[in-house]
Amino acid sequence: MAVFIPDKPPLTEPPTNYLNHVLLSEFRFLHREIQSTILTASLPHIPSHGFTLKSLTLGARDAGFLDVSVQLLPRAEFDLILFWLASRRGLLRANVEEGALFQRIAAETGVSDLGVEERVKALVLERLRMNSDVRGVWQDALAQMSLLSHIPLALNELHALSSDILSLAGDTSVDSAWYTRRLAVAAVYASADVVMTRDPTPDLTETTAFVQRRFEDRDALAAKMQGVGECVGLLGSTAVGVGRSWGLKI
(Lines give C-alpha, C1' and ligand atoms only; values in the text may rest on other atoms or scores of the structure.)
Protein backbone atom coordinates (compact mmCIF):
# COMPACT_ATOMS: atom_id res chain seq x y z
CA MET A 1 0.00 0.00 0.00
CA ALA A 2 1.34 3.34 -0.96
CA VAL A 3 2.09 5.68 1.90
CA PHE A 4 1.37 9.32 1.36
CA ILE A 5 4.22 11.51 2.58
CA PRO A 6 3.29 15.16 2.49
CA ASP A 7 5.80 17.61 1.12
CA LYS A 8 7.72 19.61 3.70
CA PRO A 9 6.15 22.99 4.13
CA PRO A 10 8.27 25.69 2.62
CA LEU A 11 10.39 27.63 5.07
CA THR A 12 8.72 30.92 5.65
CA GLU A 13 10.86 34.01 5.86
CA PRO A 14 9.86 37.01 7.91
CA PRO A 15 8.28 39.66 5.77
CA THR A 16 10.51 42.48 4.73
CA ASN A 17 8.53 45.05 6.67
CA TYR A 18 9.01 43.01 9.86
CA LEU A 19 12.78 42.87 9.36
CA ASN A 20 12.82 46.60 8.71
CA HIS A 21 10.89 47.16 11.90
CA VAL A 22 13.36 45.07 13.93
CA LEU A 23 16.37 46.80 12.41
CA LEU A 24 14.82 50.21 12.96
CA SER A 25 14.07 49.37 16.59
CA GLU A 26 17.63 48.19 17.17
CA PHE A 27 19.00 51.30 15.48
CA ARG A 28 16.87 53.57 17.65
CA PHE A 29 17.95 51.71 20.79
CA LEU A 30 21.62 52.03 19.81
CA HIS A 31 21.06 55.68 18.94
CA ARG A 32 19.61 56.40 22.37
CA GLU A 33 22.40 54.47 24.08
CA ILE A 34 25.06 56.52 22.29
CA GLN A 35 23.23 59.75 23.11
CA SER A 36 22.99 58.83 26.78
CA THR A 37 26.65 57.81 26.91
CA ILE A 38 27.83 61.09 25.38
CA LEU A 39 25.57 63.19 27.59
CA THR A 40 26.66 61.36 30.74
CA ALA A 41 30.33 61.80 29.87
CA SER A 42 29.71 65.50 29.19
CA LEU A 43 28.38 66.30 32.68
CA PRO A 44 31.80 66.71 34.39
CA HIS A 45 32.78 69.33 31.79
CA ILE A 46 29.79 71.61 32.42
CA PRO A 47 31.24 73.58 35.39
CA SER A 48 34.26 74.59 33.27
CA HIS A 49 32.75 74.91 29.79
CA GLY A 50 29.04 75.37 30.42
CA PHE A 51 26.17 73.82 28.51
CA THR A 52 28.03 74.15 25.24
CA LEU A 53 29.16 72.21 22.22
CA LYS A 54 32.63 72.17 23.80
CA SER A 55 31.34 70.14 26.76
CA LEU A 56 29.57 67.75 24.40
CA THR A 57 32.67 67.29 22.27
CA LEU A 58 34.86 66.59 25.28
CA GLY A 59 32.25 64.16 26.56
CA ALA A 60 32.18 62.34 23.24
CA ARG A 61 35.96 62.02 23.31
CA ASP A 62 35.90 60.72 26.89
CA ALA A 63 33.35 58.11 25.83
CA GLY A 64 35.53 56.99 22.92
CA PHE A 65 33.53 58.56 20.10
CA LEU A 66 34.60 60.88 17.31
CA ASP A 67 33.86 64.59 17.61
CA VAL A 68 31.33 64.30 14.80
CA SER A 69 29.20 61.98 16.94
CA VAL A 70 27.73 64.99 18.77
CA GLN A 71 25.57 65.42 15.67
CA LEU A 72 23.52 62.52 17.03
CA LEU A 73 22.10 65.08 19.45
CA PRO A 74 19.71 67.07 17.28
CA ARG A 75 19.20 69.88 19.83
CA ALA A 76 22.87 69.93 20.84
CA GLU A 77 23.32 72.20 23.88
CA PHE A 78 19.64 72.06 24.81
CA ASP A 79 19.78 68.26 24.91
CA LEU A 80 22.58 68.63 27.47
CA ILE A 81 20.43 71.01 29.54
CA LEU A 82 17.47 68.63 29.49
CA PHE A 83 19.74 65.73 30.42
CA TRP A 84 21.14 67.71 33.34
CA LEU A 85 17.64 68.51 34.60
CA ALA A 86 16.42 64.93 34.23
CA SER A 87 19.54 63.36 35.74
CA ARG A 88 19.48 65.68 38.79
CA ARG A 89 15.81 64.85 39.27
CA GLY A 90 16.70 61.16 39.19
CA LEU A 91 19.52 61.74 41.66
CA LEU A 92 17.13 63.54 44.02
CA ARG A 93 14.76 60.59 43.91
CA ALA A 94 17.62 58.15 44.55
CA ASN A 95 18.77 60.17 47.58
CA VAL A 96 15.29 60.02 49.07
CA GLU A 97 14.82 56.32 48.36
CA GLU A 98 18.12 55.55 50.08
CA GLY A 99 16.70 57.20 53.20
CA ALA A 100 19.74 59.31 54.03
CA LEU A 101 18.36 62.71 52.96
CA PHE A 102 15.46 63.04 55.39
CA GLN A 103 17.52 61.50 58.17
CA ARG A 104 20.14 64.21 57.69
CA ILE A 105 17.49 66.94 57.59
CA ALA A 106 15.87 65.59 60.76
CA ALA A 107 19.24 65.54 62.53
CA GLU A 108 20.01 69.12 61.44
CA THR A 109 16.62 70.48 62.50
CA GLY A 110 16.13 68.32 65.58
CA VAL A 111 12.69 67.26 64.30
CA SER A 112 12.35 63.49 64.18
CA ASP A 113 9.06 63.42 62.28
CA LEU A 114 9.17 65.82 59.34
CA GLY A 115 5.82 66.91 57.93
CA VAL A 116 5.03 67.17 54.24
CA GLU A 117 5.75 70.91 54.17
CA GLU A 118 9.17 70.49 55.79
CA ARG A 119 9.98 67.67 53.38
CA VAL A 120 8.97 69.76 50.37
CA LYS A 121 11.15 72.64 51.52
CA ALA A 122 14.08 70.28 52.16
CA LEU A 123 13.73 68.74 48.70
CA VAL A 124 13.60 72.14 47.00
CA LEU A 125 16.79 73.18 48.78
CA GLU A 126 18.49 69.85 48.06
CA ARG A 127 17.71 70.15 44.36
CA LEU A 128 19.02 73.73 44.30
CA ARG A 129 22.27 72.61 45.90
CA MET A 130 22.73 70.18 43.02
CA ASN A 131 23.08 73.25 40.78
CA SER A 132 25.73 74.91 42.93
CA ASP A 133 28.60 73.64 40.78
CA VAL A 134 27.02 75.02 37.59
CA ARG A 135 25.53 78.26 38.90
CA GLY A 136 28.26 80.23 37.12
CA VAL A 137 26.93 79.00 33.76
CA TRP A 138 23.28 78.48 34.68
CA GLN A 139 22.10 81.86 33.40
CA ASP A 140 23.25 80.80 29.93
CA ALA A 141 21.20 77.63 30.34
CA LEU A 142 18.14 79.68 31.31
CA ALA A 143 18.67 81.77 28.18
CA GLN A 144 18.68 78.58 26.10
CA MET A 145 15.46 77.46 27.74
CA SER A 146 13.88 80.83 26.88
CA LEU A 147 14.03 80.12 23.16
CA LEU A 148 10.51 79.73 21.82
CA SER A 149 10.98 76.16 20.63
CA HIS A 150 12.54 75.13 23.96
CA ILE A 151 9.99 76.58 26.38
CA PRO A 152 7.47 73.67 26.29
CA LEU A 153 10.11 71.04 27.12
CA ALA A 154 11.67 73.25 29.80
CA LEU A 155 8.31 73.81 31.50
CA ASN A 156 7.51 70.11 31.22
CA GLU A 157 10.71 69.25 33.08
CA LEU A 158 9.94 71.87 35.75
CA HIS A 159 6.48 70.39 36.23
CA ALA A 160 7.99 66.90 36.49
CA LEU A 161 10.36 68.15 39.20
CA SER A 162 7.59 69.77 41.26
CA SER A 163 5.47 66.63 40.93
CA ASP A 164 8.39 64.46 42.05
CA ILE A 165 9.09 66.73 45.02
CA LEU A 166 5.52 66.51 46.28
CA SER A 167 5.39 62.77 45.70
CA LEU A 168 8.71 62.18 47.48
CA ALA A 169 7.55 64.42 50.33
CA GLY A 170 4.59 62.12 50.90
CA ASP A 171 1.83 64.28 49.44
CA THR A 172 -0.79 61.74 48.36
CA SER A 173 -3.79 64.07 48.11
CA VAL A 174 -5.86 64.01 44.94
CA ASP A 175 -8.20 66.92 45.56
CA SER A 176 -8.94 69.85 43.26
CA ALA A 177 -5.77 71.67 44.33
CA TRP A 178 -3.49 68.88 43.03
CA TYR A 179 -2.33 70.91 40.05
CA THR A 180 -2.22 74.17 42.04
CA ARG A 181 0.22 72.72 44.56
CA ARG A 182 2.55 71.59 41.80
CA LEU A 183 2.49 75.01 40.20
CA ALA A 184 3.17 76.64 43.56
CA VAL A 185 6.18 74.41 44.24
CA ALA A 186 7.42 75.00 40.70
CA ALA A 187 7.11 78.77 41.18
CA VAL A 188 9.11 78.68 44.42
CA TYR A 189 11.81 76.48 42.88
CA ALA A 190 12.02 78.49 39.66
CA SER A 191 12.40 81.86 41.37
CA ALA A 192 14.96 80.44 43.82
CA ASP A 193 16.89 78.94 40.91
CA VAL A 194 17.31 82.41 39.43
CA VAL A 195 18.30 83.86 42.83
CA MET A 196 20.93 81.14 43.17
CA THR A 197 22.74 82.38 40.04
CA ARG A 198 23.37 85.68 41.87
CA ASP A 199 24.12 84.18 45.29
CA PRO A 200 27.79 84.88 46.16
CA THR A 201 27.80 82.72 49.30
CA PRO A 202 29.54 79.33 48.99
CA ASP A 203 26.85 77.50 50.95
CA LEU A 204 23.90 79.25 49.24
CA THR A 205 22.92 81.11 52.40
CA GLU A 206 21.02 83.81 50.50
CA THR A 207 19.18 81.25 48.39
CA THR A 208 18.21 79.26 51.47
CA ALA A 209 16.85 82.40 53.16
CA PHE A 210 14.92 83.27 50.00
CA VAL A 211 13.27 79.83 49.89
CA GLN A 212 12.36 80.13 53.56
CA ARG A 213 10.68 83.50 52.92
CA ARG A 214 8.82 82.18 49.89
CA PHE A 215 7.36 79.30 51.87
CA GLU A 216 6.36 81.63 54.69
CA ASP A 217 4.78 84.09 52.24
CA ARG A 218 3.00 81.29 50.43
CA ASP A 219 1.54 79.94 53.67
CA ALA A 220 0.44 83.39 54.82
CA LEU A 221 -1.24 84.21 51.53
CA ALA A 222 -2.86 80.81 51.11
CA ALA A 223 -4.43 81.09 54.56
CA LYS A 224 -6.22 84.30 53.53
CA MET A 225 -7.46 83.16 50.13
CA GLN A 226 -11.09 82.21 49.69
CA GLY A 227 -10.75 80.10 46.57
CA VAL A 228 -8.25 78.15 44.54
CA GLY A 229 -8.43 80.59 41.63
CA GLU A 230 -7.59 83.58 43.81
CA CYS A 231 -4.73 81.75 45.45
CA VAL A 232 -3.34 80.77 42.08
CA GLY A 233 -3.46 84.34 40.85
CA LEU A 234 -1.70 85.89 43.83
CA LEU A 235 0.96 83.22 44.04
CA GLY A 236 1.78 83.55 40.37
CA SER A 237 1.00 79.87 39.99
CA THR A 238 0.14 79.76 36.34
CA ALA A 239 2.17 78.20 33.58
CA VAL A 240 3.14 81.66 32.31
CA GLY A 241 3.89 82.96 35.80
CA VAL A 242 6.02 79.95 36.66
CA GLY A 243 7.92 80.27 33.39
CA ARG A 244 8.63 83.93 34.05
CA SER A 245 9.79 83.06 37.58
CA TRP A 246 12.37 80.83 35.92
CA GLY A 247 13.50 83.68 33.70
CA LEU A 248 11.80 82.35 30.56
CA LYS A 249 10.82 85.10 28.12
CA ILE A 250 7.10 84.35 27.88
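I took buried to mean under 20% relative accessible area, exposed to mean over 50%, and partly exposed to lie in between (1.4 Å probe, protein chains only). His-150 is therefore buried, since its relative accessible area is 10%.

**Entry 1: the model and its limits.** I noted that this is a predicted model, in which local features need pLDDT of at least 70 and side-chain atom pairs count only at pLDDT 80 or more, while totals for chains, interfaces and linings use all residues. Residues are numbered from 1 along each chain as its sequence is written, and side-chain values use heavy atoms, with hydrogens and water left out.

**Entry 2: the overall build.** I took helices (H or I, at least four residues) and strands (E, at least two) as DSSP runs, numbered from the N terminus. The protein chain has 12 helices and zero strands. Of its 250 residues, 44% are buried. I defined a contact as heavy atoms within 4.5 Å. Among contacts with a separation of 6 or more, 69% join residues 24 or more positions apart. Accessible areas come from the Shrake-Rupley method with a 1.4 Å probe, and for residues only the protein chains shown count as cover. The protein chain exposes about 14100 Å², of which carbon and sulfur atoms supply 59%.

**Entry 3: His-150.** I returned to His-150 and found it in the loop between α7 (135-145) and α8. Leaving aside neighbours within four places in sequence, His-150 is in contact with Phe-78, Gln-144 and Met-145.

**Entry 4: helix α6.** I checked the length of this helix. The expected span of a helix is 1.5 Å times one less than its number of residues. Helix α6 (residues 116-129) has 14 residues and should therefore span 20 Å, which agrees with the 20 Å between its end C-alpha atoms. Its buried residues include Val-120, Leu-123, Val-124 and Glu-126.

**Entry 5: the cores.** Nonpolar side chains tend to be buried together in soluble globular proteins. I used the term nonpolar core for a set of buried Ala, Val, Leu, Ile, Met, Phe, Trp, Tyr and Cys residues joined through side-chain atoms within 4.5 Å. Which residues touch the most other members of the largest nonpolar core? Among its 29 residues, they are Val-120, Leu-123, Val-124 and Ile-165. At least two residues of this core come from each of α4 (77-98), α5 (100-109), α6, α8 (151-168), α9 and α10 (205-224). Helix α9 gives the most, with seven residues. A second, separate core has 27 residues, including Leu-43, Leu-56, Met-145 and Val-194. I then looked up Leu-123: not counting residues up to four places away in sequence, it touches Leu-92, Val-96, Leu-101, Phe-102, Ile-165, Leu-168 and Ala-169.

**Entry 6: salt bridges.** Side chains of opposite charge can pair when their charged atoms come close. I counted a salt bridge where a side-chain nitrogen of Lys or Arg lies within 4 Å of a carboxyl oxygen of Asp or Glu. How many salt bridges are there by this rule? The count comes to nine.

- Glu-126 and Arg-104 meet in a salt bridge (2.8 Å, N to O). This pair links distant parts of the chain, with Glu-126 in helix α6 and Arg-104 in helix α5, 22 residues apart. Glu-126 counts as buried because its relative accessibility is 12%, whereas Arg-104 is partly exposed at 33%.
- Asp-171 and Arg-181 also meet in a salt bridge (3.2 Å, N to O). Asp-171 is in the loop between α8 and α9, and Arg-181 is in helix α9, 10 residues apart. Asp-171 is buried at 13% relative accessible area, and Arg-181 is partly exposed at 22%.
- Asp-67 forms a salt bridge with Arg-61, with the closest N and O atoms 2.8 Å apart. Asp-67 is partly exposed at 35%, and Arg-61 is partly exposed at 46%.
- Arg-89, Arg-93, Glu-97, Glu-157 and Asp-164 are linked in a network of salt bridges.

**Entry 7: backbone angles.** Most residues other than glycine have a negative phi. I found that Ala-76 has a positive phi of about 50° although it is not a glycine. Ala-76 lies in the loop between α3 (53-62) and α4, and is buried at 18% relative accessible area. Leu-204 likewise has a positive phi, near 60°. Leu-204 lies in the loop between α9 and α10 and is buried at 4%.
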